[in-house]
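The sequence and the structure come first.

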Amino acid sequence: MKEFTTKNGAEVKINDAPFQDAFLLKNEIQKSLAEAKLDIKIDDNVESLLKVFLLIDSNEKVNQALFKCLARCLYNNSKINQDLFEDTKIREDYYEIVLACLEVNILPFFKSLFSKLGDLKTMTLTKTL
């Protein structure tokens, strides 16, 4: 769970989504990136990261999965759904909310993945030396 105040002063509470919803979001993001055949490097610059973000953000299935995860979250004690963003002032907080949702719901999957990949890289380097 993550609670924060947006730059516009709104109180936001991002709850952990059920495993199935968070897993679906992770999978849709991975599919979106794989289908785009982007060459992603760990040390990419801001422009490359922006391209990745825009690709994910414009994918309808990713957005559907994202709002499934946001269904249990609150914005000034109102449920977060697409109707909330009909208010153009609230749209200014959209990306703060999205990034917090991604952090809470998919980062745990990638933390363990990157940890294991780091272990594999170390093992490979050790064996080649």
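Two strands count as a pair if DSSP finds at least two bridges between them. The model described here is predicted. In it, strand 3, residues 74-75, and strand 4 are joined by two bridges and pair in the antiparallel sense. Within this pair, L74 has K79 of strand 4 opposite it.

These strands belong to an open sheet of four strands in the order 1-2-3-4, with antiparallel pairing. At the edges are strand 1 (2-5) and strand 4 (78-79), each of which pairs on one side only. In general, the strands of a sheet pair through backbone hydrogen bonds, either parallel or antiparallel.

Helix 5, residues 94-105, lies across strand 1, strand 2 (11-14) and strand 3. Its direction is at about 160° to strand 1.

How many disulfides does the model contain? A disulfide requires a pair of cysteine sulfur atoms within 2.5 Å, and by this rule the count is zero.

| Cysteine | Nearest cysteine sulfur | Distance |
|---|---|---|
| C69 | C101 | 4.9 Å |
| C73 | C101 | 5.6 Å |

Are C69 and C73 buried or exposed? Buried means under 20% relative accessible area. C69 has a relative accessible area of 1%, so C69 is buried. C73 is buried because its relative accessible area is 0%.

Definitions and conventions:
Residues numbered from 1 in each chain as written. Predicted model: local features only at pLDDT ≥ 70, side-chain atom pairs only at ≥ 80, totals over all residues. Heavy atoms only, no water. Buried < 20%, exposed > 50% of the residue type's maximum accessible area, 1.4 Å probe, protein only. Contact = heavy atoms within 4.5 Å. Axes fitted to C-alpha atoms, helices over the stretch in contact; angles between N-to-C directions.
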